[in-house]
Amino acid sequence: MAEQDDELRAMATHRGLKLVKSRRRKAGGDFGLYGLKDAGGAEVFGFGAGGLTADAAAIREFLRGCMRIDWSTSVETTPGPKRAPKSKSAPKPKPTPAPPPRPRFQPEVANLLRDLPEAKHDEVFTDLLKRPGIRVERIVSRGQATPDDAPMVQDWDEWVVLLEGSAGIRVEDSAEVRLGPGDHLLIRAGQKHWVTWTARDRPSVWLAVHCDG
């Protein structure tokens, strides 16, 4: 009993209460029963008109109930760690891509049909590319033709395309053919050929590729 009394007394003290135990042995009385008072002596639990009314189990349950109530209150009222509010700021912008490297080479672009010479009296020949075994030239004609008694002939193959205008051409042992923009033909080495006519109202622009061997 002494151990039980010490346990109940410690629980009561922890709650700021005082354990009261009846020691009267009167038959039908409150011997062995308990009650609880606060620090000012006011009755809190286990008191009745005839004396003390609570046994050890009731006192223990009451004190444990108070502990649960206090613990719940403490959890609800004790501030927890503060959490920073979620930011509603706009999403981070994507990083600006690095600019492309500056080109190390600038190609020189020319146009075969721009800034044409007048070619009113003679055809105008302009070399565009020269490499061993090959030469590319532009020819601008305007009304010119090859004399019948002075055919053109060379020791290499010539591929020619008419880019603009109109013209007639005759290769040895063949009839005249009419050429328009985009028409092309191959004149083989040693073949005599004549430009029989070219347009007089506008320039005729040729691209000729001379291939040696």
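Colleague: Leaving aside its neighbours within four places in sequence, what is Asp5 in contact with?

Modeller: In this predicted model, Asp5 is in contact with Leu19, Lys21 and Tyr34.

Colleague: Which of those has a side chain joined to that of Asp5 by a polar contact?

Modeller: That would be Lys21: a polar contact of 2.6 Å joins the two side chains.

Colleague: And is Asp5 buried or exposed?

Modeller: Buried. Its relative accessible area is 9%, and the cut-off for buried is under 20%, so Asp5 qualifies.

Colleague: Which element is Asp5 in?

Modeller: Helix α1, which covers residues 2-14.

Colleague: OK, changing topic. How many aromatic pairs are there?

Modeller: The count comes to one. Phe45 and Phe62 make up that pair, and the two rings are stacked, with 4.4 Å centre to centre and 10 degrees between the planes.

Colleague: Where do Phe45 and Phe62 lie?

Modeller: Phe45 is in strand β3 (residues 43-45), while Phe62 belongs to helix α2 (residues 56-77), so the pair ties together parts that are 17 residues apart in sequence.

Colleague: How exposed are Phe45 and Phe62?

Modeller: Phe45 is partly exposed, with a relative accessible area of 26%. Phe62 is partly exposed too, at 24%.

Colleague: What about Trp194, what sits over its ring?

Modeller: The charged end of Arg170 does, 4.0 Å from the ring centre.

Colleague: Now the inside. Which residues make up the largest nonpolar core?

Modeller: There are 12 residues in that core, including Ile139, Val160, Leu162, Ile169, Leu185, Trp206 and Ala208. The elements giving two or more residues to the core are β8 (157-164), β9 (167-171), β11 (184-187) and β13 (204-211).

Colleague: Which strand gives the most?

Modeller: Strand β9, with three residues.

Colleague: Take Val160, then. What is in contact with Val160, leaving aside its neighbours within four places in sequence?

Modeller: Quite a list: Asp183, His184, Leu185, Ile187, Trp206, Leu207 and Ala208.

Colleague: One more: among contacts with a separation of 6 or more, what share comes from residues 24 or more positions apart?

Modeller: Those residues account for 55% of such contacts.

Note on methods
Residues numbered from 1 in each chain as written. Predicted model: local features only at pLDDT ≥ 70, side-chain atom pairs only at ≥ 80, totals over all residues. Heavy atoms only, no water. Helix = DSSP H or I, 4+ residues; strand = E, 2+ residues; numbered from the N terminus. Buried < 20%, exposed > 50% of the residue type's maximum accessible area, 1.4 Å probe, protein only. Polar contact = N/O pair within 3.5 Å; in protein donor to acceptor, adjacent residues only side chain to side chain. Contact = heavy atoms within 4.5 Å. Phe/Tyr/Trp six-rings, centres within 6.5 Å; stacked < 30°, edge-to-face > 60°. Lys NZ or Arg CZ within 6 Å of the ring centre and 35° of its normal. Core = buried A, V, L, I, M, F, W, Y, C linked by side-chain atoms within 4.5 Å.
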